[in-house]
Amino acid sequence: MSRVVVVGSFNVDHVWATAVLPRPGETLSGRYSTGPGGKGFNQAIASVRAGAGTTFVCAIGDDPGAQVARSLAAADGIDLRALRSDEPTGTAGIYVDGEGRNSIVIGPGANGALSPAHVDGQADAFERAGVVLAQLESPPDAITAALRSGRDHAAIAMLNPAPANAPTTRELLALADIITPNETEFAGLVARHVGERIDGDAITALDQPHLHALCRELMPAGTIVVTLGASGCFVSHAGDALRGDGKAFYRLAAEHVHAVDTTGAGDAFNGALAAALSGAPDAAFVGHLRFASRYAALSTERQGAALAMPRREEVVARFGA
């Protein structure tokens, strides 16, 4: 059975739930919790709980946060390939308001130590991979090595270009078969690499042919999935690679749920999409997207990030197969 290899970050999340997000200089009372996170780990947990054998390649410290990473990976059956760093394990400070919106500050710590050499040293994992999934909370050269290794081993190379302020190059994007930006990330990529200024909040209202044209200029080959939160997602394929779909671009609506915390929704979507693709790479892409959308929607009905990821059977029970 093909597997998913996730290359990326592990953080210890410190979360404050408040009625409204704090303004500059404002002090609010709220409810505190802590738990595991980081885009890489969130996506690895989502992948394995969505049904895929999963390897997670990362860097962690020699501290209690690292012990959390090891124990949780073992509990979910994740094959953890962790580089030990002298830096502390990464951390994130997260504020979540009463509508489930969030603001996040990240301290990279050990995540900044992830190296191409460590990534390249996991060749046996890449050889068995159907999908390689990476994000941008780790050093760009390590992410480049991950995507290149995925390509070299005939896996689907998938890049979640997040966070929005992370550096990207045309060369990095070209190494990916699929990229999955949200509205803000997509607007940043278009401004940086296409030269057109668009408001991320306005992307949902853009007409589909225009959005498709921007996608194709940004990434001439491959597939772009622009995630739009409660508005679903927009898909743009290269004309000669529709991934089993009947058209080059389309919108897919989101599932209706009662969201209480959207912190890990994008990571849930990415991990579930990678898992679905690894299990049936030749099936129509829209079916994989629908599963990922349902998986992400269900994750928002729970507080937290990594530990809020549902299991495949819960998604099927809620929305059907």
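**Salt bridges and sheet order in a predicted model**

Trainee: At 5% relative accessibility, does Asp97 count as buried or exposed?

Mentor: This is a predicted model. Buried means under 20% relative accessible area. Asp97 has a relative accessibility of 5%, so Asp97 counts as buried.

Trainee: With which side chain does Asp97 meet in a salt bridge?

Mentor: Side chains of opposite charge can pair when their charged atoms come close. Here the N to O separation is 2.8 Å.

Trainee: Which residues does the network of salt bridges with shared partners join?

Mentor: Arg49 and Asp76 meet in a salt bridge at 3.0 Å, N to O. Arg49 belongs to helix α1, whereas Asp76 sits in the loop between α2 and β5, 27 residues apart. Both residues are buried. Through shared partners, the network joins Arg49, Asp76 and Arg311.

Trainee: How many residues apart in sequence are the parts that Asp62 and Arg84 tie together?

Mentor: The closest N and O atoms of Asp62 and Arg84 are 3.0 Å apart, and the two residues form a salt bridge. Asp62 lies in the loop between β4 and α2 and Arg84 in strand β5, so the pair ties together parts whose separation in sequence is 22 residues.

Trainee: Which are the edge strands of the open sheet?

Mentor: The sheet has 9 strands with mixed pairing, in the order β5-β4-β1-β8-β9-β10-β11-β12-β13. An edge strand pairs on one side only, and the two that do so are β5 (79-84) and β13 (249-252).

Notes: Residues are numbered from 1 along each chain as its sequence is written. This is a predicted model: local features need pLDDT of at least 70, side-chain atom pairs count only at pLDDT 80 or more; totals for chains, interfaces and linings use all residues. Side-chain values use heavy atoms; hydrogens and water are left out. Two strands pair if DSSP finds at least two bridges between them. Helices (H or I, at least four residues) and strands (E, at least two) are DSSP runs, numbered from the N terminus. A salt bridge is a side-chain nitrogen of Lys or Arg within 4 Å of a carboxyl oxygen of Asp or Glu. Buried means under 20% relative accessible area, exposed over 50%, partly exposed in between (1.4 Å probe, protein chains only).
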